[in-house]
Every structure is written in C-alpha cells, then in structure tokens.
Amino acid sequence: MSRRAGLLPALLILVSILSFAKKLEMVMMWPQENPTLKLTFGTFQEVGSYLGRLSLVSDVTVQNLTAKVMPRASFNVSLLDRNNVRLGNGLLIIEDLNPGQSAKIQFQCSSVGQPAMLNLAARNSGGVPTSTKAIPITIVSAPPGAMLKVDDQTIGMTPITVRMLGGTHNLELHKEGYADAKTPLDVNPDEAPGGSITITLGGLASDTIELRDGSILNGDVISMSLESVVINVQGNEQTFDRNRIKKIFLVERIVTHVTVPETPAKPNSTATMPPSPQH
C-alpha cells in the first residue's frame, strides 16, 4: 500500500506535465475562412537569453490543405500575451509542400516572455501565400482565334484572360493554317494583375495533309484532282485517295515567270558562199 501511495504523486505530476505541454500546443488555421494551411506550434523552449529577451524555439507542423503544390509561403508570426500585448515576433518560411503533405519546421524567435497566443500575417502584398494567389493574365495571339492550352489543359480561344498561380507554366496555341506555338511563361507571385502577353503564330513551312486516321504529312503538294492528291515528302511522291484525306493546308507560294529574250542566231563564218558568176 505504501509503495502504491508513493507512486500516486509521481503519476499525478507526470499527468500534469503532459497536460501542461498539451495546452501549450497551439493549432492555427490560415486563413480562417476556407483555410489552406494548418499550423501546429509545439511548446516554445528557451534556448538563450540576453538583456531580458528570450530566444525561443518551437517545432511547427505545417499541413497543406489544398490540392495544389505550395512552392513558397512566408508569415510574420507575432507572440502575444493573454492581454493581446505583443511580446516578440519571428519569420516562418514554408517551401515545397505538396498537396495534403505535412512538414515539420523549426521556428525561432525573440520574445520578452512565453506567449499565450499567436498571430499570423502573410508577407506579400495580396495577403495570401504564393500557392493560393492567382494572377489574371490576358493571352493574346496574332492572329486571334487560336486554341489555348495551359499546362496541357484546354482553356479556350484567344484573346482570353487566365488566372495563373505563381511559377512557370507551359502555353500552347493551335490555329488551323498556322504552325503550333509553344512557350513557357514565368508568373511572379507578386505581379500586378492586368498584364498580358502576345504570341505571334508562324506560317506553315510546307504543305500539310491531315488524313482521317490522324496521320499528318508535311511536304509539297504536286497535284490534286477529284479522285486523288499527290504530295512529295522528302523526295518521295505519295498518292492518296481523296476520301482518305480530312484536311489540306497549302502554303502560299509566289511564282515569278521570267521571260528570257531569244538571242538572234549569229551568222556562220564557215558557211559556203555561193560561187561568183564567171564571165
């Protein structure tokens, strides 16, 4: 009985310590409406002090609640007491967080005491981490009316305004009669909205025949009739029935006819002259 009675205070102390540590764990959702991040701050531990200011460290577990990659987000973290008075602050940086992924980050700050509450403020002009800030950009093609794809997803016909997240995106434009255009586009997370980019479509370098089975031939169309089409592909002439052909794109050609003047024949000096009449 005495041994059990001696163990009871130790168990109570252990439970009290665990309960106290659990209370110091602070869970924050950011932003409050439609949160994209869940941040769990562990116990703040003192690692040093100087002139009344404490150096505190906390292990923070950050979870990405969205379905998109979070390349980078940074926050100013303010440490507050129970009266909402700021005790100190620090910088929390989050990088390369995949959808639904959690990561543990060590957060270090300076404070004049142990915090009772925390406050987060995003470090960019829009007030949102870069993963959730979409920048509207207008895509223009010359000529207009090209089908736009962004990162292999069909968006619509140009000109069109697309909201893009910060990072590098791949643009593709397709218009019949013109060569396809592909280009990367870097979007700055702090870029001002309302920007635009113009992409000029180049003409086709050669005639193009699209067959009904999806095959595409590039070359020089030699002849066309109601029954067949003959195309020269890299020196090899190929003939196709018209019912096999879905589309034909012909490159505009300018043919200049030059008339070569005829050169008059020169008299032959060696020709035999008629004999002179004899008297």
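Residues are numbered from 1 along each chain as its sequence is written. In this predicted model, local features need pLDDT of at least 70 and side-chain atom pairs count only at pLDDT 80 or more, while totals for chains, interfaces and linings use all residues; side-chain values use heavy atoms, with hydrogens and water left out.

Helices (H or I, at least four residues) and strands (E, at least two) are DSSP runs, numbered from the N terminus. A nonpolar core is a set of buried Ala, Val, Leu, Ile, Met, Phe, Trp, Tyr and Cys residues joined through side-chain atoms within 4.5 Å. Buried means under 20% relative accessible area, exposed means over 50%, and partly exposed lies in between (1.4 Å probe, protein chains only). In soluble globular proteins, nonpolar side chains tend to be buried together.

The largest nonpolar core has 25 residues, and L37, L39, F41 and F107 have the most contacts inside it. Two or more residues come from each of strand 1, strand 2, strand 4, strand 5 (70-80), strand 6 (86-97), strand 7 (102-111) and strand 8 (117-122). Strand 5 gives the most to this core, with five residues. A second, separate core has 16 residues, including I139, I160, L185 and L201. Contact means heavy atoms within 4.5 Å. Residues up to four places away in sequence left aside, F107 touches F41, F44, L56, V57, S58, V60, V77, L79, G90, L91 and L92.

The peptide bond from W30 to P31 is cis, with omega near -15°. P31 lies in the loop between strand 1 (26-30) and strand 2 (37-41). A cis peptide bond also runs from T158 to P159, with omega near 0°, and P159 is found in the loop between strand 11 and strand 12 (160-165).

L51 is not a glycine, yet its phi is positive, near 55°. This residue, L51, lies in the loop between strand 3 (45-50) and strand 4 (53-64), and at 74% relative accessibility L51 counts as exposed. D151 also has a positive phi near 55° in a residue other than glycine. D151 lies in the loop between strand 10 and strand 11 and, at 35% relative accessibility, counts as partly exposed.

T66 is placed in the loop between strand 4 and strand 5. The side chain of T66 makes a polar contact with the side chain of N64 at 2.7 Å. A polar contact is a pair of N or O atoms within 3.5 Å; within protein, one must be able to donate a hydrogen and the other to accept it, and residues adjacent in sequence count only if both atoms are side-chain atoms. Leaving aside neighbours within four places in sequence, T66 is in contact with T36, P99 and G100.

An open sheet contains four strands in the order 11-10-13-14, with antiparallel pairing. Strand 11 (153-157) and strand 14 (181-187) stand at the edges with a single partner strand each, so one side of each has no neighbour in the sheet. On average, neighbouring strands of this sheet are turned by 30° against each other, direction ignored. Such angles otherwise run from 0 to 180 degrees between N-to-C directions, and axes are lines fitted to C-alpha atoms, for helices over the stretch in contact. Two strands pair if DSSP finds at least two bridges between them. Strand 10 (residues 147-150) and strand 13 (residues 167-174) pair in the antiparallel sense over four bridges, with V150 opposite L171 in strand 13.

Strand 16 (residues 207-211) has five of its five residues buried, so this strand is largely enclosed by the rest of the structure. Both faces of strand 16 are covered, with D207, I209 and L211 buried on one side and T208 and E210 buried on the other. Strand 16 pairs in the antiparallel sense with strand 17 (residues 216-224) over four bridges, and D207 stands opposite G219 in strand 17.

V251 is placed in the segment after strand 20 and is partly exposed, with a relative accessible area of 23%. The C-alpha atoms of V251 and S206 are separated by 5.9 Å, although the two residues are 45 residues apart along the chain.
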